[in-house]
Amino acid sequence: SSDLTLPSASEAAFADFGMPVLFPGSVQDVLDYGRHGFELSRASGLWAGIKMVTNVADAVGTAEVDPRRIVPRPALNGGEPGEPHRPHGNLLAPYTLDLERSLFEVRIPRAIAYARANGLNRVTVDNDSAWLGIAAAGKPYFDLLQAFEDLGLGDDDLRRLGVRVLKVGMPYPLDQVAGREFATGLEELLVVEEKRPFLETQFKEALYGAPGAPRV
């Protein structure tokens, strides 16, 4: 079976269970990521979580509700090909070894492949010659947009200043390939997030040892 959870837990709690987490930052994101959450779960065989913060849960906004707005693209090319994961009641050794292998070698890669196929992590301001990259997920991403607006900076201004921006829709597990692609050519990568360096740490892991990796 597949399921979608909305617990009031930190990202670290999701990571402890190997659970992909989507982080909506607006009313529209809640609808879009909710749809993707179910499909992500079905595609990967994992529970999928949505991180909800008060400023989003209590927000008022306008959203598009056309059922054709989100057309999920299946992506089972991550990990091993074959049948989708089927849960069973065998939770003791030696079955736990196969479950662990399936989690890290099949199901999590499939979740990342789904995120990549459906553009859950996307560059919103692109710039081939950028020196500074800014990445944010959920509500902090929209706080970042507000900061740009307060500074009078539009997308063209950011490109002129050499800035590249990434909206991370699935902060865990971070698509390390997408993270390295985003960081290519940068001198510095700034991660905007709440209180603790959760997303920042994953970027550092993705970039560790990479030639020409930027400061994070």
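Predicted model: local features only at pLDDT ≥ 70, side-chain atom pairs only at ≥ 80, totals over all residues.
Trainee: How many helices and strands does the protein chain have?
Mentor: The protein chain has 216 residues, and 44% of them count as buried. Its secondary structure consists of eight helices and seven strands.

Trainee: Which residues of helix α7 are buried?
Mentor: Helix α7 covers residues 176-183. Seen down its axis, the buried residues fall within an arc of 95 degrees, so they line one face of the helix. These residues are Gly179, Phe182 and Ala183.

Trainee: What do the buried residues of α7 pack against?
Mentor: One of these buried residues is Phe182, and Arg164 lies over the face of its ring, at 6.0 Å from the ring centre. The elements against which the buried residues pack are the strands β4, β5, β6 and β7 and the helix α8.

Trainee: Which side chain reaches the backbone nitrogen of Val177 at the start of α7?
Mentor: The contact is made by a side-chain oxygen, which comes to within 3.2 Å of that nitrogen. After the helix comes Gly185, with a positive phi near 85 degrees. The side chain at the start belongs to Asp175.

Trainee: Is Gln202 buried or exposed?
Mentor: Gln202 sits in helix α8. Buried means under 20% relative accessible area. Gln202 has 11%, so it is buried.

Trainee: Which residue has its backbone oxygen 2.7 Å from a polar atom of the Gln202 side chain?
Mentor: Leaving out residues up to four places away in sequence, Gln202 touches Pro171, Tyr172, Pro173 and Leu174. The backbone oxygen at 2.7 Å belongs to Pro171.

Trainee: Why is the pair of Tyr141 and Phe142 edge-to-face?
Mentor: The whole structure holds two aromatic pairs. In the pair of Tyr141 and Phe142, the ring centres are 5.3 Å apart. Planes over 60 degrees apart count as edge-to-face. The pair is edge-to-face because its planes stand at 85 degrees.

Trainee: How many residues apart in sequence are the parts tied together by Tyr172 and Phe198?
Mentor: The ring centres of Tyr172 and Phe198 are 6.2 Å apart and their planes at 50 degrees, so the pair is tilted. Tyr172 counts as buried at 14% relative accessibility, and Phe198 counts as buried at 17%. Tyr172 lies in the loop between β6 and α7 and Phe198 in helix α8, so the parts tied together are apart in sequence by 26 residues.

Terms used:
Residues numbered from 1 in each chain as written. Heavy atoms only, no water. Buried < 20%, exposed > 50% of the residue type's maximum accessible area, 1.4 Å probe, protein only. Helix = DSSP H or I, 4+ residues; strand = E, 2+ residues; numbered from the N terminus. Arc of directions from axis to C-beta. Contact = heavy atoms within 4.5 Å. Polar contact = N/O pair within 3.5 Å; in protein donor to acceptor, adjacent residues only side chain to side chain. Phe/Tyr/Trp six-rings, centres within 6.5 Å; stacked < 30°, edge-to-face > 60°. Lys NZ or Arg CZ within 6 Å of the ring centre and 35° of its normal.
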